[in-house]
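Subject: Handing over a structure, with notes

Dear colleague,

Here is the structure that I promised to pass on to you, and below it you will find my notes. Please keep it open while you read, so that each residue can be looked up in turn.

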Amino acid sequence: MLILPFQMKFKLTANDPLSKARAGEITTDHGTIQTPIFMPVGTAGTVKAVHQRELKNDIEAQIILGNTYHLYLRPGLDTLEKAGGLHKFNGWDGPILTDSGGYQVYSLTEVRKIKEEGVTFRSHIDGSKHLFTPENVMDIQRTIGADIIMAFDECTPYPCEYGYARRSLDMTHRWLKRCCDRFDSTEPKYGYSQTFFPIVQGSVYKDLRMKSAEVIASFEREGNAIGGLSVGEPAEEMYAMTEVVCDILPKEKPRYLMGVGTPVNLLENIALGIDMFDCVMPTRNGRNGMLFTKNGIINIKNEKWKNDFSPVDEDSDLFADISYSKAYLRHLIHSGEMLGAQIATLHNLHFYLWLVKQAREKIIAGNFYDWKNSMVKSLAQRL
């Protein structure tokens, strides 16, 4: 087997004295990622309503996501392989992480069956039948060409009975062994290295989360993820499970909390030791008129903004925030104009990346904890 000379590296650069927050640096073949980091979600090979140039220059994204389930169905592996992988296909030259599709399969409750072999499901596009196994999901992600490949797991729903969560967890761990065996016996296709992250599961049960974190850590991969949270459980439950897991996962490796969350969620989980986040909230909510700001949350559809001709965000350095007014953005969103979705998406993603960059700077300066506590009060306000 070909062993590429370079593997993903993680370096811790600072620790906050009053919390478990840390600043670090992930190095991949497609670039360096400063942590803590938020990763914009590009489900079908695109972050909705955003050009790659805007992602890089205006939002200052350092890594984006693609989704195995969606890319497998459309455009399909043949097209992606002929293009030379997703980087060449979509024109993004920075790092990419792919979700294994486990969450999408979990959400297709009416059209999928979970067995030891894997998951059979029907396409949401044309109803065709497909099978995802730990092995072929590794192959699919190799072909997509992600820098970071995720394990194939079962994401349990909330609420979830203890017995089901335990059985699901055991199967996820068996699947993990199969993922690792397949990943380690195959090679990257496009001349750069790829890294594999296992995923901690266990619903909201402390003993299951501890067991899973110990199993995941024993595989000694370059990074580790936490899944199955932000699926409807109270925020306090999410924080409790995150804290339990972070205390077990190795400190010298990056920790990725999948599918989380609000700006407050980001800061609270950074304080618990999380390094990487992704969520559709800034893009999806933005398209529906919800703007996140450091002073609180704006529903731009509200009547109060109809004649507010001040900039979308006068404290921002983003062109879209200072070139357009709240009144104009409200008009665009109400009219269903595409430009409204673009402006709101740019604003929210720029704000999320600004927020994690600020968190990093505060961690390095040694005053993250007090800053975080003051920020969470304003971030959750409705303006």
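Let me begin with a salt bridge, that is, a side-chain nitrogen of Lys or Arg within 4 Å of a carboxyl oxygen of Asp or Glu: the side chains of K294 and D315 meet in one, with 3.9 Å from N to O. K294 sits in the loop between strand 16 and strand 17, while D315 sits in the loop between strand 17 and helix 12 (319–323), so the pair ties together parts that are 21 residues apart in sequence. Helices (H or I, at least four residues) and strands (E, at least two) are DSSP runs, numbered from the N terminus. K294 is partly exposed, with a relative accessible area of 32%, whereas D315 is exposed at 51%; here buried means under 20% relative accessible area, exposed means over 50%, and partly exposed lies in between, with a 1.4 Å probe and protein chains only.

Before going further, please note that this is a predicted model, in which local features need pLDDT of at least 70 and side-chain atom pairs count only at pLDDT 80 or more, while totals for chains, interfaces and linings use all residues. Residues are numbered from 1 along each chain as its sequence is written, and side-chain values use heavy atoms, with hydrogens and water left out.

Strand 16 (residues 290–293) and strand 17 (residues 296–299) pair in the antiparallel sense over four bridges, where two strands count as paired if DSSP finds at least two bridges between them. A hairpin of two residues joins strand 16 to strand 17, and F292 has I297 in strand 17 as its bridge partner.

How many salt bridges are there by this rule? The count comes to 16. In one of them, the side chains of R174 and E116 meet at 2.8 Å, N to O. This pair links distant parts of the chain, since R174 belongs to helix 7 and E116 to the loop between strand 7 (112–114) and strand 8, 58 residues apart. R174 is partly exposed, with a relative accessible area of 40%, and E116 also counts as partly exposed, at 37%.

Another salt bridge brings together the side chains of E268 and K372, at 2.9 Å from N to O. E268 lies in helix 10 (residues 263–270) and K372 in helix 15 (residues 368–379), so parts that are 104 residues apart in sequence are tied together by this pair. Is K372 buried or exposed? K372 counts as buried, because its relative accessibility is 5%. There is also a network of salt bridges, which links K20, E243 and D247.

Turning to the strands again, an open sheet of five strands has the order 4-15-14-13-12, with parallel pairing. Its edge strands are strand 4 (37–39) and strand 12 (199–200), each of which pairs on one side only. Within this order, strand 13 (residues 224–226) and strand 14 (residues 255–257) pair in the parallel sense over three bridges, and A225 stands opposite Y256 in strand 14.

Some details of the backbone are also worth checking. Most residues other than glycine have a negative phi, and most peptide bonds are trans. The peptide bond from T35 to P36, however, is cis, with omega near 5 degrees, and P36 lies in the loop between strand 3 (31–35) and strand 4. A cis peptide bond also joins Y158 and P159, with omega about -5 degrees, and P159 is placed in the loop between strand 10 and helix 7.

That loop, between strand 10 (148–150) and helix 7 (162–184), holds P157 as well. The C-alpha atoms of P157 and G232 are separated by 8.3 Å, although the two residues are 75 residues apart along the chain.

Finally, which residues other than glycine have a positive phi? One of them is A49, at about 75 degrees, in the loop between strand 4 and helix 1 (52–59); another is E220, near 55 degrees, in the loop between helix 8 (206–218) and strand 13. A49 counts as partly exposed because its relative accessibility is 29%, while E220 is exposed, with a relative accessible area of 62%.
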